[in-house]
Amino acid sequence: MTTALITGATAGIGAAFARRLARSGYGLVLVARDTARLDGSAADLRGKFGVEVEVLTADLATDRGIADVEARLSDEARPVDLLVNNAGFGNRGAFSTVPLQDELDMLKVHIEAVLRLTTAALPGMRERGRGAVVNVASVAAFLPRGTYGASKAWVVSFTQGVMRDLGGTGVRLMALCPGFTHTEFHERAGMGTGNIPSWGWLSAERVVEEAMRDLARGRSVSVPSKRYKVAVAIARVLPSGKLGGVSAKAARTYRTT
């Protein structure tokens, strides 16, 4: 059975990936911090789709958590064919108002965990001549705004660079860059969404469907929906100084209640 490992698998885009892949017959390894939610998600997926589901409790903001997932990815007896690095979070407030440790935790999850887990997964995939890694980034990667956007920009650059290095191996990497998506992300960060127009939202299911199509097409970057494709195209050609001004203005008007 083809197996996928998904981090941040109990909610939002991660949970949508789990449902989509289970429907396609994948065995799953679900990774998250909350054991109770993991067990509930696993039971639901087994009941609905009849697939094998393993759970792994791990906090990717810690060395121990990352090491536990690395060990699972390196297990030659139980190969993982698709890794979805989805775990992530945002910090509320401007850079100067966020505690340094919170920013460091974000970098641990968004950068170090992605680097280490991808590194752990690739040797087995290369040996088998097949496999894929989806690194969940954001359209924020294309906007010069704070630690979150900077960390997601790293994810995109890293993914594209490694994808080039893997040419001809049968292994694919793709950075997924969604815009505003209906998940628990903003609620967990204490961010309000009153200033975001209804047309700006995507469903997690749509994000995942477009991601899977783009992965099958061999794309190294996936930006779901035409509206966000246009936004990213504009962001890539505008001067960074002007982009920074637009991004800062959006942050000032972004209500937290």
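**Exercise 1. How many salt bridges does a search of the whole structure find?**

Before you start, note that this is a predicted model in which local features need pLDDT of at least 70, side-chain atom pairs count only at pLDDT 80 or more, and totals for chains, interfaces and linings use all residues. Residues are numbered from 1 along each chain as its sequence is written, and side-chain values use heavy atoms, with hydrogens and water left out.

Solution. Step one is the criterion: a salt bridge is a side-chain nitrogen of Lys or Arg within 4 Å of a carboxyl oxygen of Asp or Glu. Step two is the count, and the search finds 19 salt bridges.

**Exercise 2. Which parts does the pair of Glu205 and Arg19 tie together?**

Solution. Begin with the distance: the closest N and O atoms of Glu205 and Arg19 are 2.6 Å apart, and the two residues form a salt bridge. Glu205 belongs to helix H7 (residues 204-216) and Arg19 to helix H1 (residues 12-23), so the pair links parts that are 186 residues apart in sequence. Helices (H or I, at least four residues) and strands (E, at least two) are DSSP runs, numbered from the N terminus.

Then look at exposure. Buried means under 20% relative accessible area, exposed over 50%, and partly exposed in between (1.4 Å probe, protein chains only). Glu205 is partly exposed, with a relative accessible area of 42%, and Arg19 is partly exposed at 31%.

**Exercise 3. What separates Asp68 and Arg64 in helix H3?**

Solution. First, the contact: the side chains of Asp68 and Arg64 form a salt bridge (3.2 Å, N to O). Second, the spacing: the two are four residues apart in helix H3 (residues 63-73), which means that about one helical turn separates them. An α-helix has 3.6 residues a turn, so residues three or four places apart point the same way.

Asp75 is partly exposed at 23%, and Arg78 is partly exposed at 40%. Elsewhere, salt bridges that share partners join Asp63, Glu70, Lys108, Glu112 and Arg116 into one network.

**Exercise 4. How far apart are the end C-alpha atoms of helix H5?**

Solution. The expected span of a helix is 1.5 Å times one less than its number of residues. For the 20 residues of H5 (residues 146-165) this should give 28 Å; the end C-alpha atoms are 29 Å apart, which agrees. Next, ask about burial: the buried residues of H5 include Val155, Val156, Phe158 and Val162. Finally, find the cover, which includes helix H4 (100-128), strand E5 (131-136), strand E6 (171-176) and strand E7 (221-222).

**Exercise 5. Is Ser225 buried or exposed?**

Solution. Locate Ser225 in the loop between E7 and H8. With 2% relative accessibility, Ser225 counts as buried. Its contacts, not counting residues up to four places away in sequence, are Leu202, Arg206 and Glu210. Check the backbone too: Ser225 has a positive phi of about 80°, although it is not a glycine.

**Exercise 6. Where in the structure is Val29 found?**

Solution. Val29 is in strand E2 (residues 27-32) and is buried, with a relative accessible area of 1%. Val29 and Thr3 are 26 residues apart in sequence, yet 7.4 Å apart in space, C-alpha to C-alpha. Apart from neighbours within four places in sequence, the contacts of Val29 are Thr3, Ala4, Leu5, Ile6, Glu54 and Arg72.

Terms used: Contact = heavy atoms within 4.5 Å.
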